[in-house]
Protein chains: 6
Amino acid sequence: MAARIVCFGELLLRLTAPGAERLLQSWSLDVCVGGAEANVGVSLAAFGHVVRFASVVADNPLGAAALGELRRHGVHTDTVLSAPGRMGLYFLEPGAVRRPSRITYDRAGSAFAAAAPESLDWSGILPGAALLHISGVTPAIGANGAAAAVRAVKAAAAAGVPVSFDGNYRALLWEAWDGDGPAILKEILSCATYAFINERDIALILKSRFEDRQSAFEAAFEAFPRLQAIAATTRQQSSVDDQSIAGELVTRAGRWTSPVHELPGVIDRIGGGDAFAAGALHGLIEGRDGQYTIDFAVAAGALKHSIPGDFGRMTVAEVEAAMAGENLDVKR
Amino acid sequence: MAARIVCFGELLLRLTAPGAERLLQSWSLDVCVGGAEANVGVSLAAFGHVVRFASVVADNPLGAAALGELRRHGVHTDTVLSAPGRMGLYFLEPGAVRRPSRITYDRAGSAFAAAAPESLDWSGILPGAALLHISGVTPAIGANGAAAAVRAVKAAAAAGVPVSFDGNYRALLWEAWDGDGPAILKEILSCATYAFINERDIALILKSRFEDRQSAFEAAFEAFPRLQAIAATTRQQSSVDDQSIAGELVTRAGRWTSPVHELPGVIDRIGGGDAFAAGALHGLIEGRDGQYTIDFAVAAGALKHSIPGDFGRMTVAEVEAAMAGENLDVKR
Amino acid sequence: MAARIVCFGELLLRLTAPGAERLLQSWSLDVCVGGAEANVGVSLAAFGHVVRFASVVADNPLGAAALGELRRHGVHTDTVLSAPGRMGLYFLEPGAVRRPSRITYDRAGSAFAAAAPESLDWSGILPGAALLHISGVTPAIGANGAAAAVRAVKAAAAAGVPVSFDGNYRALLWEAWDGDGPAILKEILSCATYAFINERDIALILKSRFEDRQSAFEAAFEAFPRLQAIAATTRQQSSVDDQSIAGELVTRAGRWTSPVHELPGVIDRIGGGDAFAAGALHGLIEGRDGQYTIDFAVAAGALKHSIPGDFGRMTVAEVEAAMAGENLDVKR
Amino acid sequence: MAARIVCFGELLLRLTAPGAERLLQSWSLDVCVGGAEANVGVSLAAFGHVVRFASVVADNPLGAAALGELRRHGVHTDTVLSAPGRMGLYFLEPGAVRRPSRITYDRAGSAFAAAAPESLDWSGILPGAALLHISGVTPAIGANGAAAAVRAVKAAAAAGVPVSFDGNYRALLWEAWDGDGPAILKEILSCATYAFINERDIALILKSRFEDRQSAFEAAFEAFPRLQAIAATTRQQSSVDDQSIAGELVTRAGRWTSPVHELPGVIDRIGGGDAFAAGALHGLIEGRDGQYTIDFAVAAGALKHSIPGDFGRMTVAEVEAAMAGENLDVKR
Amino acid sequence: MAARIVCFGELLLRLTAPGAERLLQSWSLDVCVGGAEANVGVSLAAFGHVVRFASVVADNPLGAAALGELRRHGVHTDTVLSAPGRMGLYFLEPGAVRRPSRITYDRAGSAFAAAAPESLDWSGILPGAALLHISGVTPAIGANGAAAAVRAVKAAAAAGVPVSFDGNYRALLWEAWDGDGPAILKEILSCATYAFINERDIALILKSRFEDRQSAFEAAFEAFPRLQAIAATTRQQSSVDDQSIAGELVTRAGRWTSPVHELPGVIDRIGGGDAFAAGALHGLIEGRDGQYTIDFAVAAGALKHSIPGDFGRMTVAEVEAAMAGENLDVKR
Amino acid sequence: MAARIVCFGELLLRLTAPGAERLLQSWSLDVCVGGAEANVGVSLAAFGHVVRFASVVADNPLGAAALGELRRHGVHTDTVLSAPGRMGLYFLEPGAVRRPSRITYDRAGSAFAAAAPESLDWSGILPGAALLHISGVTPAIGANGAAAAVRAVKAAAAAGVPVSFDGNYRALLWEAWDGDGPAILKEILSCATYAFINERDIALILKSRFEDRQSAFEAAFEAFPRLQAIAATTRQQSSVDDQSIAGELVTRAGRWTSPVHELPGVIDRIGGGDAFAAGALHGLIEGRDGQYTIDFAVAAGALKHSIPGDFGRMTVAEVEAAMAGENLDVKR
């Protein structure tokens, strides 16, 4: 049965150079809606869950369009506030061959970043939810965001709603406002049941060094008693268009690894990690076993690389077919 | 010298999602004209033959546009009737990476499917023709189509016009009207001189099992005395964008196999089999030897994968250059 | 306060030639979602009402995309069923100068038209609704549609939910299945509280002739005791791009006419009548006076002509500014 | 019954700035095929006649594409030769408001201009033809073109095939090679049965001055005994987008004038005169009376202004509807 | 001979909905470069002057692209600084029929607005210049902008470089930072030789009321002894697409008015006032008489309405042809 | 510090079929500016040098647009003359899979080719320059071009400005006017300090045969005493989309080879050699060591394959990152 899931974070507009052009080489931009938590929400809705987005958007046509796009993909937006200000933007120059993709952020001073931490009334949003999902981007965007993120996960913990946290550590964002990233993320992680983090994140937060991913995960389980599952991916990039991903899931009970998915001819790498997180949450929420969960997560993340835009738009049937290594010929 | 060839079948409009988008991800569709027999006809016209299309299209702007496109590619359309009704459509969502392409058919109830089997006056169409080409799609679309296909090949056989038949077995189409596919295809094959079929098709039609392709082909030659040549491809797909094809030609006199053509960066896989068939027919009609014929066929099929749309648009010189493994640098 | 409104009808995909091209002059089509009742629903949602769509769509990617687009514009789709079959399509060749726009319908045999009349469970849909809106297209598409439409309005009447009916008489549709249009529309109108019909519609339904619009409206009020308000537009077209509309509203208590809105440089005339109906329903449901209601309706209909696609996407503030004859310079 | 018509002239590729942009404001160009005689031929084919194009094109992909587009519109191309060289091009910057459209020609040195005057074998082309159509552009492009044009009309006259001549006087072309335009056009006109010329053309050719159009036409009938009909248009342009045209037809037996067609919102003015000529030829060839003929011609010319590209693509039914002042609302 | 002109102001990127779509109706945006002073500079460069832009842009790919576009149009950019921060943006939803165009500004916090007033070294920029052009937008964007604008005009006045000032009063911008617009603009105007202002601007700045435009202009000449010429336009808008403009020029010596230019089918109204200002400056700098100057200015402003984007791209010959009421037919 | 560099050659407009379409498969073309020397100039400007282009372009909107595009990329155009005539064009059909890209040239009779050899006043262009760059295309286009090229390099040699020469041998161009390529290239090479040539070019010019590249280079150093450095690439193409390049640099002092850069998913191969030349010139002019120089050159050439159009648009930082084998993940 479908779970009720709340995703909390900032909605962004992505403005992308067409084809493989350099940014503004020609004078048009493709626009899509994105943001780490929105991406997770859209994938979970495509998997059949009831997803509600909690956020603050600009009270202008850009904000309204972004909400419309969420609704189009089945995500409820009635818990999103509108406020004066601007939408966060990011400009993407897609890479090719051996030229990496480049993002120019233009998200400072957004309505979300300027919103007071107490803007959202969690007492009206959380009851009945099976999960609150949040990412490390929200606390990184400024003092308001950090306070809002901590407030959200504490409300969830208090209400008995499991928290999912995706690290997404962005050093530049933290540095821009001199925020104490490790301390704040530690506070958030202490409320989390599920975490999408790797050894680099854990080292940073726990101010330790680890010999390998496994020992980092063990340290995290020890440091954060609420934590039940950690998942992470390993990505190889032999060229911008030719990558591979694999993943692993570790719980207090066991460890499962996925096969490697080769990804020749990548269409859009942005949001691949969010689709992976959504896939893992699908398995975890539905109580599937560890192997299914990590295989589903990696297959979802892999499939995302074939879809333009931030959003994954895969059904459970499509992800399971990819897990099963279906024949790749035209489906008629 | 150019041969006169008649292709009989349904013209379809293909509506394709742009780029690698999911169907209707954005709100435009690229349109092209297709259909198995039209694809063969356009390739044969590009090879220099005089090709005439025989069909029934809707008497509306869509039908007129489809005929115009055939003429653009040098196929004569004066033996196509217009009738009330709709054009058959199919919607294509091109795949990428490990996400297969998907077709949503919308061809039920078309003017072609609704046309009476005796609509076309074969006595006016066949005289002087060197070949009648037909595919297994036409008899599969319904009782009218099945009757029309049988009527066509019998008229050709009676008129001494060799028949070429491309299996194209589509189980879903046959099931939709509960048609006896194997029986009808057997009747058609008994009139055919050239067949594009594989061991799966033959097993189905002869209600036998075969250990391998060769024994199936031998059984076909035995069952169908008119049959002089069978050709088939073998396709590998390591990803949606990275495939390979090879082919073999078997006659009562011998067997020839082509080298494998690697196809990295496939642009459009639809119509690849039709271009192969056209290539083989070109060799057979022109009386080329078996090796040239299968090599030309596979090179034509391979080149089709570089061209958007259903149609192959390669000249004989281009196919022969690909056969010869020409240098791939820019031709100035 | 926002009213809860149910719109019942068929969702269509519109495929439009780009620019002023003839249909398939170039090989791409712009796609949008439309249908008379969906158009009304989207406008009412843009005016702030809670709108729920009731329908049957094809259980394929086209149906799913159409529903997504409704949600994008704030219309709830949880009362739409998915069923095997095809989506109804229509191809639009936009006119220009003195060449009229032309529509090629391709809606026969759609999942909606094939749905059993009792598919929708009105006992779960209607409670709490302030309005059921339906158009004359639904009963025209066949015996199933006619039975479903009658069933819907009778359920509404029985549940005390006011019914709004937009005539939209399409002779070709009725003729295609030999339906008794006048008799069925009469049955529907006898359940309606609000009607968007003109003297031609009334004459047809009542099998009478009228000297003018007023006497036709009087006859309608006499024939249909539930009817409380009739609204109709008058359209002039000095060229395809240069039109004007005006409207009138008649109730049992009075008659109001709008000023004429000149519409030079029309962008998209399709859906103008639906935006007018939505505007009138907005005034009627909100209990505004007759003059506001007809002025709002005509201004909404007029503004629709500036927006590409079937849907109106105007806010109440924008319509009221147009009513007030706002300055037309750039709004900064 | 359909007449067999031969059009002789140069095929051009037109490269057009998109929208209302200045040339190369953005970096794409829309391409279409044009040329005065091809435009006439396509319109005549759309009116149901059997049209054959006689020309020389470059033996490269551009020439092949141009021929394909003619065939798409139903014009036969088997009497077109391919020769080494380039295709003639012209770049169009469409105007708007009060900024006129501008053409940058790039047609010097084309394969057509370089072709020997005797390239085409008229003895194989003309037999059975009801008309040879030619324009004043062909002789203007150089000594070869002038000789070829004279050769063509003399061959037609000798074969008893009526000649239609459209003046299209382009001073710049004649000056570029110092050709004696008046003398050569006089020679051509002396072979013509139908002429599309105005008082300016006649004054130039006859080296006279005329008080008005009528006296010029009278002088032409006197000077050219073969001439049976002259038609000309009058165009008003209150802005680039807002024009009107009217026309008159004069024969040795009478004079007929059309109503004025107002053309607000012009889409594409190029080819309007060619569509007018095609319309007049349709009436003349079919033996319609003078009033029908000039009304049909002007309606055809008027409708062309609604269609992007050089080609008119109107059916007889559409032109006749425009003649009749049909209602301009959407045709469903 | 060409004059050397310096334009000082902010470069903006404009992101425009395609066609007549509502903002983000579809998911692409057309991008162009704009800003009041850049628009003036590009037009002056197209008129043959040597134009140098002085500004501060973001040191990212967006800033670099904006500078490239200025250079493309012949404006020198070596006096533009790059600094950390963002580019100012504005989103344009073009209107149609009776729906006004709407701008959503997103320019707060730009690198230009954040730049220290003393960033630009005027002692290196002004020497040899014949003019410094500035608009009222720059001082309105914040304390930095106001100080920078005052600093610039004082430096010009001290260096003996005439100052041109275009009012462009934007109340919303001044209110956003509580700036004393009238006082600052007064300071700037006191340094100006040429002003593009109307009676509303003058009333605001002089805190007076005027019966008509003439008395306001007289008061301005009295209040600002340096001022030698004032020019202003009058715009009528019967619909979004159908406007007219006229202009007047007043000096201490006389007053000249232009004819009214009707503008049916407006393509892009943004930048019309800037093209007018550039046209007037061209006449003033070149020492043309008052009538030529105002006629050239209004013709330039009028022609701008036919060109997509912020920039005018008209040559002197084109403007003079429009002044002369040239024939509007295709220029070949 | 930035060097002042002069590039001399013809500017071309490239018209490219969109996507992987065959030429004019659909009816639009993407346009960009190119030409071997312009490509080198744009890359050098992107590397921070002061680049001036010397050429003759058509005095029409196409020539003006081409110059604007050079300026956009930071190349000065004040030493380019405008003259009557046409712009050279080339049509590109991009290849895919195993179908090679094809160029249809249309550059005969251009304003550049027609310009008198003495058109450019080198005494005003060369003083202060650190380099004159020229390619073997210019002398190949005809007697004028050959004379102009020889005149340019002699003027440079006389003025003490080092000459860089890129072979670019195009047999078809030389044959078209029966030019003595080897003799003329020999004359040019005798003035060159830097040469981009391979063993095939040298054999042709010296009318010798060489066993390998090294012996050819040695012969060149012997034959041309001014020559200080030769660089050349080696390209492998396993498919149209999957290539590799490596390079070597040889001076009188040593020899350096680069690593091989694998180029899967090539976006645009045109201009790759020009970007390589620009990279080598950057290293040579800046006095970098041989290894840095060849590594930078090959990395620049490799990166060009990721950018649509003729121009490289890479910064020094980007090239150096590619040299260093930077991580290919998204740069944020």
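Reader: How many bridges does one count where β12(B) and strand β13 (residues 255-257) of chain B pair in the antiparallel sense?

Author: Strands of a sheet pair through backbone hydrogen bonds, either parallel or antiparallel. Here the antiparallel pairing of β12(B) with β13(B) runs over three bridges; two strands pair if DSSP finds at least two bridges between them. Helices (H or I, at least four residues) and strands (E, at least two) are DSSP runs, numbered from the N terminus. Within this pairing, Val250(B) has Arg255(B) of β13(B) as its bridge partner, and a hairpin of three residues leads from β12(B) to β13(B). This is a predicted model, in which local features need pLDDT of at least 70 and side-chain atom pairs count only at pLDDT 80 or more, while totals for chains, interfaces and linings use all residues. Residues are numbered from 1 along each chain as its sequence is written, and chains are lettered from A and ligands numbered from 1 in the order in which they are written.

Reader: To which strand is β12(B) joined by a hairpin through two residues?

Author: That strand is β11(B). Strand β11 (residues 229-239) of chain B and β12(B) are antiparallel and share 10 bridges, with Thr233(B) opposite Gly247(B) of β12(B). β12(B) also runs antiparallel to strand β14 (residues 261-264) of chain B, to which four bridges join it. There, Ser244(B) is bridged to Glu262(B) in β14(B).

Reader: Is strand β12 (residues 242-251) of chain B mostly covered or uncovered?

Author: β12(B) is mostly covered, since seven of its 10 residues are buried (20 or more other C-beta atoms, placed from the backbone, within 10 Å of the residue's own).

Reader: What is the strand order in the open sheet that contains β3(D) and β3(F)?

Author: This open sheet has eight strands with mixed pairing, in the order β7(D)-β6(D)-β2(D)-β3(D)-β3(F)-β2(F)-β6(F)-β7(F). At its edges stand β7 (102-106) of chain D and β7 (102-106) of chain F; each has a single partner strand, so one side of each has no neighbour in the sheet. Neighbouring strands are turned by 30° against each other on average, direction ignored (axes are lines fitted to C-alpha atoms, for helices over the stretch in contact, and angles run from 0 to 180 degrees between N-to-C directions). Where the two chains meet in this sheet, strand β3 (residues 28-34) of chain D and strand β3 (residues 28-34) of chain F run antiparallel and are joined by three bridges. Asp30(D) has Ser28(F) as its bridge partner in β3(F).

Reader: Which strands lie at the edges of the sheet that chain A builds with chain E?

Author: The edge strands are β7 (102-106) of chain A and β7 (102-106) of chain E, each of which pairs on one side only. The order of this open sheet of eight strands is β7(A)-β6(A)-β2(A)-β3(A)-β3(E)-β2(E)-β6(E)-β7(E), with mixed pairing. Strand β3 (residues 28-34) of chain A and strand β3 (residues 28-34) of chain E are antiparallel and joined by three bridges, and Leu29(A) stands opposite Leu29(E) of β3(E). Helix α2 (residues 61-72) of chain A packs on the sheet, where it touches β2 (12-16) and β3 of chain A together with β6 (88-93) and β7 of chain E. The direction of α2(A) makes about 60° with that of β3(A). Helix α2 (residues 61-72) of chain E lies across β6 (88-93) and β7 of chain A together with β2 (12-16) and β3 of chain E, at about 60° to β3(E).

Reader: How many residues of chain E are in contact with chain D?

Author: 19 residues of chain E are in contact with 21 residues of chain D (C-beta atoms, placed from the backbone, within 7 Å). On the chain E side, β14 (261-264) and α12 (290-304) are the elements that give two or more residues, and β14(E) gives the most, with three. By class, that side has 11 nonpolar, four polar and four charged residues (Ala, Val, Leu, Ile, Met, Phe, Trp, Tyr, Cys and Pro count as nonpolar, Asp, Glu, Lys and Arg as charged, and the others, Gly among them, as polar).

Reader: Which element supplies the largest share of the side of chain F that touches chain A?

Author: β14(F) supplies that share, with three residues. The contact takes 19 residues from chain F and 21 from chain A.

Reader: What rotation superposes chain E on chain D?

Author: Two copies of a chain are related by a rotation about an axis and a shift along it. For chain E on chain D, the rotation is 120° with 0.0 Å of shift along its axis, at an RMSD of 0.0 Å (least squares on the C-alpha atoms of residues with pLDDT of at least 70 in both). The two copies are thus related as by a three-fold rotation axis. The C-alpha of chain E nearest the axis belongs to Gly265(E), 4.3 Å from it.

Notes:
Contact = placed C-beta atoms within 7 Å. Buried ≥ 20, exposed ≤ 12 C-beta atoms within 10 Å, placed from the backbone.
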